[in-house]
Every structure is written in structure tokens, then in C-alpha cells.
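Hello,

Here is the structure I promised to pass on. Please open it first, then read the notes below.

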Amino acid sequence: MATKALYETRDKQLVPLDDIQHINGRYNEALKDNCQTLTIIYKDGMKVTISASEYDWLKQAWEERRNGRYR
């Protein structure tokens with residue numbers, strides 16, 4: 001049985017990497033906790049907004065998981 005990979009943001013949100021369809025790398029105009037945000041789109045259509053400062057780390061973890069290198 002395969003294990004789902006999770007990415008934990010600095011504010012303790014858990015992001016399931018296997019369910020991500022797209023990460024919007026452009027900053028949104030909305031502010032969350034006084035910082036710019038970005039949107040994660042899941043395969044089921046659900047959208048989640050997280051701090052834009054997480055983008056580089058999340059994108060790297062997501063791509064590593066897609067290429068079979070992230071656990």
C-alpha cells in the first residue's frame with residue numbers, strides 16, 4: 001500500500017502532495033495573515049490558499065514526489 005506524501009507549511013497546514021493538480025505560482029491579491037498568498041488546485045477541484053512564501057519549498061516537494069524522489 002502506497003503512503004500519501006504530506007507537506008507541512010510553517011503555519012502547520014498539511015498539504016497532500018499526491019492530490020495536487022496545479023500550483024498557481026502567481027501571487028493573489030488576497031492577503032492571508034498580512035502576506036501574499038498562492039492557490040493550490042487539487043484534482044477534485046478543491047482550492048486551498050497558502051502563504052506565497054511557501055511556494056518554492058512546496059513546488060520542489062511536489063515535483064520530487066511526482067518524479068518518485070519524495071517520501
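Is glutamate 8 buried, partly exposed or exposed? Glutamate 8 counts as partly exposed, at 44% relative accessibility. Bear in mind that this is a predicted model.

**Confidence**

The chain has a mean pLDDT of 78. Of its residues, 76% reach 70 or more. Among the elements, strand E1 has the highest mean pLDDT, at 87. The lowest, 58, belongs to strand E4, residues 31–32. Please keep that in mind when you look at E4.

**Salt bridges**

The whole structure holds four salt bridges. Three of them are described here, one by one.

Start with glutamate 8. Its partner is lysine 12. The closest N and O atoms of this pair are 3.6 Å apart. Lysine 12 is exposed, with a relative accessible area of 60%.

Next comes arginine 10, which pairs with glutamate 54. The N to O distance is 3.2 Å. Arginine 10 counts as exposed, at 56% relative accessibility. Glutamate 54 is buried, at 4%, because buried means under 20% relative accessible area.

Lysine 59 and glutamate 63 meet through their side chains, at 3.5 Å from N to O. About one helical turn separates them, because they are four residues apart in helix H1. Lysine 59 is partly exposed, with a relative accessible area of 22%. Glutamate 63 is also partly exposed, at 32% relative accessibility.

Why can such pairs form? Side chains of opposite charge can pair when their charged atoms come close.

**The nonpolar core**

The largest nonpolar core has 15 residues. Which of them touch the most other members? They are Val15, Leu17, Ile20, Ile40 and Leu58. Four elements each supply at least two residues of this core: strand E3 (20–24), strand E5 (35–42), strand E6 (47–51) and helix H1 (55–66).

Then isoleucine 40 is in contact with Val15, Ile20, His22, Met46, Lys47, Val48, Ile50 and Leu58. Among these contacts, Val15, Ile20 and Leu58 were named above for touching the most other core members.

Best wishes

Key: Residues numbered from 1 in each chain as written. Predicted model: local features only at pLDDT ≥ 70, side-chain atom pairs only at ≥ 80, totals over all residues. Heavy atoms only, no water. Core = buried A, V, L, I, M, F, W, Y, C linked by side-chain atoms within 4.5 Å. Buried < 20%, exposed > 50% of the residue type's maximum accessible area, 1.4 Å probe, protein only. Contact = heavy atoms within 4.5 Å. pLDDT = per-residue confidence, 0-100. Lists of a residue's contacts leave out its neighbours within four places in sequence.
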